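These are my notes from going through one chain. I wrote down each item as I looked it up.

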Amino acid sequence: MRARAIFVVAAACFVAAAFLPFWKLTLFAPQYPEHLRVWVGVFGLGGDVREVNGLNHYIGMRPLQEAAIVELAIAPWGMVAFTLIALAAAFTRKKWLNWALLVPISFPLIFLADVSFWLWYFGNSLDPHAPLNRSVPPFTPFVFFWSHVGQFSVYAMVQAGFAICTAGSVLSLIGLAMRRREPAAQAAPRAVVSSAAAVAGVLLAAALLFSASVAHAFDLQGAIDRAPPGSEVRIPPGVYRGQFVVKHPVTLAPAGPPGSAILDGGGRGCVLRVMAPDTTVRDLRIRGSGIVPDVEDCGIVAFAPRTRIERNDLEDVLFGISLRGAPDSVLRGNRIVGKDLPLMRRADGIKLWGSANTLIERNVMVRTSDLVIWYSAHVTIRDNVARD
């Protein structure tokens, strides 16, 4: 019975780990006071992936999305399999489960070995024709702690998802050892319990698989409307299509790694409108605004004071971020990529109108036209970058 409880807890650990980052890389350099961060989780990469790819391009490194494609594709299924194996071990004594348990038990070591391989491969397969290839020799960042790449200091460390998954692996090992010592009669469940456990396992697996595409069922606008003022709306990983409006103060942030929640306007209008003061939008991907300049189709537009828009990744937008009557706001650490249009048809990456005392800091604008400030006194503009 004790082994059964341990396996059930292990299954819960695998489920919880699926929604948290497993590993994080932080890059330190003087030109990035807030640093650059990249997360790896079951549902893919998050963080400052575009900015890091932009830097890596100059030294000839491949885009980060080209790493571990197969591993990331099967990762959600792997968490489902680990959960089902642990549940099966809790309620049955099949001999093949002893071998199956070795996979989740050994997973932490497999994960670290895989990350180490890709760090080595990317750092030692630089394009010799890259503009700054000769400035950085081949390198291999460490999977733990500090290393150095060119002018960057790099700090790598496992995260909560890895720790919880490792706890599930250790519990699976303990449960396996205990189960081998328990009498068969004690550990063998009744048929009805076995049936119930099988049904529970199937339902749990379906729930976990469903979470990977939960955007099809999660009512984002409804969640925003129902959230109490001042609360945080945690958006599950997925793509949410439409135009969204915030009518009372909330914080919008992904439930998974940064960038795992995508708001897609489908080429129409403004993707996100902020109508309430004291609203925060952070770590989201916003894409696909309309293309009509007269109505200023944009990625994010705010009409209320004290709006904070931080570390979002906007792409394929006409106007990027627009503040209209939104004083005392903060725009920090956003990346804005405009639509692929001729220069004369491009619109402003950032636009302020009647938004005094606003901080515009460490934003990156690519393929836009301007950063424009109208009728907005005491604005601080610091460490922003515009390219192309």
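Before the first residue, I settled what a strand is here: a DSSP run of E with at least two residues, numbered from the N terminus. By that rule W23 sits in strand β1, which covers residues 21-29. I also note that the model is predicted.

Entry: whole chain. I counted the elements and got nine helices and 25 strands. The chain has 388 residues, and 51% of them are buried. I then took the contacts between residues at least 6 apart in sequence, and 56% of these join residues at least 24 apart. The accessible surface comes to about 18100 Å². Carbon and sulfur atoms hold 64% of that surface.

Entry: W23. Is W23 buried or exposed? I looked up its relative accessible area, which is 5%. The cut-off for buried is under 20%, so W23 counts as buried. I next listed what W23 touches, leaving aside its neighbours within four places in sequence. The list includes V38, W39 and V40, and also F111, V115 and L119.

Entry: the parallel sheet. In what order do the six strands of the open sheet run? I read the order as β8-β11-β14-β17-β20-β23, with parallel pairing. β8 (244-246) and β23 stand at the edges with a single partner strand each, so one side of each has no neighbour in the sheet. Neighbouring strands of this sheet are turned by 10° against each other on average, direction ignored.

I followed the pairing at the β23 end in detail. Strand β17 (residues 319-324) pairs with strand β20 (residues 350-353) in the parallel sense, over four bridges. Within that pairing, I found L323 bridged to L352 of β20, and R324 bridged to W353 of β20. β20 also pairs in the parallel sense with strand β23 (residues 371-374), again over four bridges. There the bridge partner of L352 is I373 in β23.

Entry: a surface patch. Which residues form the nonpolar patch on the surface? I noted I291, V292 and V295, with about 240 Å² of accessible area together. V295 lies in the loop between β13 (285-287) and β14 (298-302). β14 is also one of the strands in the sheet above.

Entry: salt bridges. How many salt bridges does a search of the whole structure find? I got 15, and I went through some of them one by one.

D264 and R241 form one, with the closest N and O atoms 3.1 Å apart. D264 is in strand β10 (residues 261-264) and R241 in strand β7 (residues 238-241), so the pair links distant parts of the chain, 23 residues apart. D264 counts as buried at 10% relative accessibility, whereas R241 counts as exposed at 63%.

K339 and D316 form another, with N to O at 3.1 Å. K339 is in the loop between β19 (335-338) and β20, and D316 is in strand β16 (residues 313-317). The two are 23 residues apart. K339 counts as buried at 11% relative accessibility, and D316 as partly exposed at 37%.

E361 and R332 form a further one, with the closest N and O atoms 3.0 Å apart. E361 lies in strand β21 (residues 359-361) and R332 in strand β18 (residues 330-332), so the bridge ties together parts that are 29 residues apart in sequence. At 7% relative accessibility, E361 counts as buried. Which residues does this bridge join into a network? Through shared partners I traced R308, E310, R332, E361, R362 and R382 as one network of salt bridges.

Note on methods. Residues numbered from 1 in each chain as written. Predicted model: local features only at pLDDT ≥ 70, side-chain atom pairs only at ≥ 80, totals over all residues. Heavy atoms only, no water. Buried < 20%, exposed > 50% of the residue type's maximum accessible area, 1.4 Å probe, protein only. Contact = heavy atoms within 4.5 Å. Areas by Shrake-Rupley, 256 points an atom, 1.4 Å probe, with all protein chains shown as cover. Patch = residues over 30% accessible without salt bridge, like charges linked within 9 Å, V, L, I, M, F, W, Y side chains within 5 Å. Salt bridge = Lys/Arg side-chain N within 4 Å of Asp/Glu carboxyl O. Pairing = 2+ DSSP bridges. Axes fitted to C-alpha atoms, helices over the stretch in contact; angles between N-to-C directions.
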